[in-house]
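Q: Please take a close look at a single part of this model and describe how it is paired and what surrounds it.

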Amino acid sequence: MKYVLASASPRRQELLTQAGFSFDVIPSAVKEKITKDIPSDVVMELAHQKALDVYESKIKDNPAYQGEDCIVIGADTIVSYRGEILGKPADTEEAREMIYKLQGKSHMVYTGVTVIAKSGDMVSASSFAEGTKVNVAPMTENEIEAYISTDEPYDKAGAYGIQGLFGKFIEGIKGDYFNVVGLPVHRLYEELKKFD
C-alpha cells in the first residue's frame, strides 16, 4: 500500500512519520473554493478538494502508482472563534487582532481529513472533521507584542501554533492535541483501517 500526503505541511509530515507511516508528499495545487459556512464543513470541503486534486492530477494515471493500492490523504485545519474562521494573518496588524481576540478565551480548532483509496479499478473516499476546544490564558500587551514580533504567527491559522512559542499560553485543551497541530492521528488511523 502506498500512502500519499496531499500537503506540504511539515507538521503533518512529522505527525505521520511519528505514527510510523511511510508516505510520498505531493502537495495539492488546487485553488481552494469555500462554499460552506460551518467551520467543520469548511475543513472537510477543503480537505476533499486537496485530496481529489492530487488523486486526479498526480495519481490516477501515473504509471508509478498503477498496479498498486494507494491512499491519498488530504487535510486542512482552521481556527474558529465564535463561528468566525481565523485564517493565516496577512500582516502584523492582522496577527495582533487575532491574538487579542483569542487571548483569555476559548476557541475551536477543526481539522478536516479526506482519504481517497484506490485498489485496482475501485476508488472510494471518506471524509471527517475533528474539533478540539482550546483555552488560551490572558496575555499582557507585552506578551502579545513579543509573540507577534517572531516569525511564528504568519504561517498559522489563527496566528498561532500550539507546538511552538505560543504553547506557554495554552491553559488547556479538550479533545485531540494532534488535531490542533494539524492532523488527528488516531482518528486518521481508525479511518485507514477501514480500507485494509
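A: In strand 5, Met-108 is the bridge partner of Ser-80; strands here are DSSP runs (E, at least two residues), numbered from the N terminus. The model is predicted: local features need pLDDT of at least 70, side-chain atom pairs count only at pLDDT 80 or more, and totals for chains, interfaces and linings use all residues. Residues are numbered from 1 along each chain as its sequence is written, and side-chain values use heavy atoms, with hydrogens and water left out.

Strand 3 and strand 5 run antiparallel and are joined by 11 bridges; two strands pair if DSSP finds at least two bridges between them. Strand 5 also pairs with strand 6 (residues 122-136), in the antiparallel sense, over 14 bridges. Within that pairing, Ala-117 has Ser-124 in strand 6 as its bridge partner. Strand 5 and strand 6 form a hairpin with 2 residues between them, and Gly-120 in the turn has a positive phi of about 60 degrees.

Strand 5 (residues 106-119) is largely enclosed by the rest of the structure, because 11 of its 14 residues are buried, that is, under 20% relative accessible area, against over 50% for exposed and in between for partly exposed (1.4 Å probe, protein chains only).

Note on methods. Helices (H or I, at least four residues) and strands (E, at least two) are DSSP runs, numbered from the N terminus.
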